[in-house]
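Hi,

Here is the structure I promised to pass on. Have a look at it first, and then read my notes below.

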Amino acid sequence: MTDMARSPRTPHKGILPPAWKQDFGPEAPRGRGIGDGIRNWWAGLTRPAQWAVGVPIILVLAIIPLYPPPLLDTPGTSFGGVMAQFAMYALIAIGLNVVVGQAGLLDLGYVGFYAVGAYTVGLLTSPNSPWNQTGGWLSPKWAWLLCVPIAILATAISGLILGTPTLRLRGDYLAIVTLGFGEIVRLLADNLPDITNGSLGLSRIQYPKLGESDSHAGGYFSSGNLGDKHTWNPLDHANSGTWWFWLGMVLVIIVLMFVGNLERSRVGRAWVAIREDEDAAEIMGVPTFKFKLWAFTIGAAIGGLSGALYAGQVQFINPQGFNVINSMLFLCAVVLGGQGNKLGVIVGAFLIVYLPNRFMSVNVGGQSLGDYKYLFFGLTLVVLMIFRPQGLFPARQKLLAYGRQVYRAVRRPAAAQATGAGQ
């Protein structure tokens, strides 16, 4: 039996519809690039084998900031600090991917949730804030750690409040509303000087006070910790950026496990159904508004976590750090890596953070190439949308994959029967 005879779709003028090959292609695995090859190889491993491969890779990633390879190092800026920024962007990309990549909700104001998380920590721990609680019910030693769950809760509530009246909108309308939310948060921070200290910002924000000693007066996470390059002790060798990178890695792994479990549950399947066709999902009985609100709230909470990480790391925030340009960079990381693919968006976050810092020391005509990062990212996105609109590492269409498996299971007995009849 030929493929055309097996096809449930009729060819038009002898030409099969393009979607035929996507839905009912040959059984042999058809890689679509390096990303699919790695993903197929990873999916073929057993769970113990995945841990056996994944743990050494994580350890190597943790050691790289201590001894950065010459080709990977970033002259002119601390490589540990760059990796810390990458971990923070990776968290943002994973959270935004839940909203944009999984549920298909175009959010252009994600920086607003990021700002809510950062300002929650700043308002509770900065001496410039009238709501500073350090020394009160917040111990200076544990202030940042205790503020992190508060920041996550505050951003989740803000996502719930914003999403409840707006998630019935779709497409461009939702994008405009979320864009307005991001700008409203920034303008409130800028125009409420009695609370947020206005454009002057909040300084001396608390951070984890770990490892305080005579040699590390502010602890390992203090910006004054430059690391001792002459010792083999990794705890003393690491500078503050490396310590923040390690903390960010732990948070990224926890969030990845949480989001991964959601994706494999009925919640994740509902998100994919909504993303592919919201009307069809609603007709089939999926409560679309409920699951969109889930995605919006979870994405907001992860954004708040990354904002709390940012506030503790830089120990200073002001409204200029939460403008719409940063929101576009966050979205760029997701689009560049591949919407709906967690590891893809992490790669996108790495490219967004690493490349400008890597080329910052390269001067052409007296101008640093790092200053042209927005131009390069814009050109890259244009080229990517033309030749690979699904991103560098596109998400596997799981519903279609399940459909193919069912089709093949049904097709094999029919094919075997036809072959036997032919004999």
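In what follows, two residues touch, or are in contact, when they have heavy atoms within 4.5 Å of each other. Keep in mind that this is a predicted model.

Let's start with Gln 313, which sits in helix 14 (residues 288-314). Leaving aside residues up to four places away in sequence, Gln 313 touches Gly 81, Ala 84, Gln 85, Met 88 and Trp 244. Is Gln 313 buried or exposed? Its relative accessible area is 19%, and the cut-off for buried is under 20%, so Gln 313 counts as buried.

Trp 244 leads us on to helix 11, where it is one of the residues that meet helix 14. On the helix 11 side, the others include Leu 247, Leu 251 and Phe 258; across from them, helix 14 brings Ile 298, Leu 305 and Gln 313, among others. The contact is made up of 11 nonpolar residues, 3 polar ones and no charged ones. The two axes come within 12 Å and cross at roughly 175 degrees, which means helix 11 runs roughly antiparallel to helix 14.

Helix 11 itself (residues 240-263) has 24 residues, and at 1.5 Å a residue they should span 34 Å. The end C-alpha atoms are 34 Å apart, so the model agrees with that. Helix 11 is also mostly covered, with 17 of its 24 residues buried.

One more spot to look at is Leu 355 in helix 16 (residues 342-358). Leu 355 is partly exposed, at a relative accessible area of 31%. Phe 376 is 21 residues away from Leu 355 along the chain, and their C-alpha atoms are separated by 9.9 Å.

Cheers

Terms used: Residues are numbered from 1 along each chain as its sequence is written. This is a predicted model: local features need pLDDT of at least 70, side-chain atom pairs count only at pLDDT 80 or more; totals for chains, interfaces and linings use all residues. Side-chain values use heavy atoms; hydrogens and water are left out. Helices (H or I, at least four residues) and strands (E, at least two) are DSSP runs, numbered from the N terminus. Buried means under 20% relative accessible area, exposed over 50%, partly exposed in between (1.4 Å probe, protein chains only). The expected span of a helix is 1.5 Å times one less than its number of residues. Axes are lines fitted to C-alpha atoms, for helices over the stretch in contact, and angles run from 0 to 180 degrees between N-to-C directions. Angles under 35 degrees count as roughly parallel, over 145 as roughly antiparallel, 65 to 115 as roughly perpendicular and the rest as oblique. Ala, Val, Leu, Ile, Met, Phe, Trp, Tyr, Cys and Pro count as nonpolar, Asp, Glu, Lys and Arg as charged, and the others, Gly among them, as polar.
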